[in-house]
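Here's a quick briefing to read with the structure open beside you. Take it topic by topic and follow along in the 3D view.

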Amino acid sequence: MDNATLPTRNNEGFLENAWEWTPEVAQALAAEAHIDLTENHWEIINFLRDFYKEHEVSPPSNRLFVKAVKERFGETKGNSIYLMQLFPGTPAKTACRIAGLPRPTNCL
């Protein structure tokens, strides 16, 4: 999938419409960030998609993202080091972009 076939995105690369997301879109967005998606990535991506379906919002900050992952998957995966290894930079922002979700409100 190339940029011409990706759904419309804002100036930060987030999808304008979260419901236009597909796994293929996630692969393309991850490739832009030089991330090869593994089973561990998909676990977090699917968790975020479910979170969005339930709350109609992305986790509002990196701290709350880590906390939500910890509550769902335990301390091994619910820590900032693990999440930074999967989604470099600001994990909540990077993961939400790949998951096709809006930008977390409190992420820089």
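R103 counts as partly exposed, at 27% relative accessibility (partly exposed lies between buried, under 20% relative accessible area, and exposed, over 50%, using a 1.4 Å probe and protein chains only). Keep in mind that this is a predicted model: local features need pLDDT of at least 70, side-chain atom pairs count only at pLDDT 80 or more, and totals for chains, interfaces and linings use all residues. Residues are numbered from 1 along each chain as its sequence is written, and side-chain values use heavy atoms, with hydrogens and water left out.

**Salt bridges**

- Let's start with the charged pairs: side chains of opposite charge can pair when their charged atoms come close.
- A salt bridge here is a side-chain nitrogen of Lys or Arg within 4 Å of a carboxyl oxygen of Asp or Glu, and by that rule the count comes to four.
- R103 meets E12 in one of these, at 3.0 Å from N to O. R103 sits in the segment after α5 and E12 in the segment before α1, so this pair ties together parts that are 91 residues apart in sequence. (Helices are DSSP runs of H or I with at least four residues, strands are runs of E with at least two, and both are numbered from the N terminus.)
- E12 also forms a salt bridge with K93, where the closest N and O atoms are 3.4 Å apart. Since E12 lies before α1 (23-32) and K93 in helix α5 (residues 91-98), the pair ties together parts 81 residues apart in sequence.
- Put together, E12, K93 and R103 are linked in a network of salt bridges. E12 is partly exposed, at a relative accessible area of 30%, whereas K93 is buried, at 14%.
- Elsewhere, E43 pairs with K77, with the closest N and O atoms 2.6 Å apart. E43 belongs to helix α2 (residues 39-55) and K77 to the loop between α3 (62-73) and α4 (80-86), so the pair ties together parts that are 34 residues apart in sequence. E43 itself is partly exposed, at 25% relative accessibility.

**The loop between α3 and α4**

- G78 is found in this loop, and at 6% relative accessibility G78 is buried.
- Which residues does G78 touch, leaving aside its neighbours within four places in sequence? G78 is in contact with V66, V69 and K70, where contact means heavy atoms within 4.5 Å.
- K67 is eleven residues away from G78 in sequence, and the two are 6.4 Å apart in space, C-alpha to C-alpha.

**How α2 meets α3**

- Two packed helices are described by the angle between their axes and the distance between the axes.
- α2 and α3 pack at an angle of about 105 degrees, with their axes 11 Å apart. Axes are lines fitted to C-alpha atoms, for helices over the stretch in contact, with angles running from 0 to 180 degrees between N-to-C directions.
- That makes α2 and α3 roughly perpendicular to each other (65 to 115 degrees; under 35 is roughly parallel, over 145 roughly antiparallel, and the rest oblique).
- On the α2 side you'll find E43, I44, F47, L48 and F51, which meet F65, A68, V69, R72 and F73 in α3.
- The residues of this contact divide into eight nonpolar, no polar and two charged. Nonpolar covers Ala, Val, Leu, Ile, Met, Phe, Trp, Tyr, Cys and Pro; Asp, Glu, Lys and Arg are charged; the others, Gly among them, are polar.

**The nonpolar core**

- A nonpolar core is a set of buried Ala, Val, Leu, Ile, Met, Phe, Trp, Tyr and Cys residues joined through side-chain atoms within 4.5 Å.
- The largest one has 33 residues, and L37, I44, I45, L48, F65, F87 and I98 touch the most other members.
- α1, α2, α3, α4 and α5 each supply at least two residues of this core, and the largest share, seven residues, comes from α2.
- Not counting residues up to four places away in sequence, I98 touches W21, A26, L29, A30, I35, L37, I45 and F87.

**Helices α1 and α5**

- In α1, the residues V25, A26, A28, L29 and A30 are buried, and the buried residues of α1 pack against α2 and α5.
- Just after α1, H34 takes a positive phi of about 60 degrees.
- Seven of the eight residues of α5 are buried, so α5 is largely enclosed by the rest of the structure. The buried ones are P91, A92, K93, T94, A95, C96 and I98.
- The buried residues of α5 pack against α1, α2, α3 and α4.
- Just after α5, G100 takes a positive phi of about 80 degrees.
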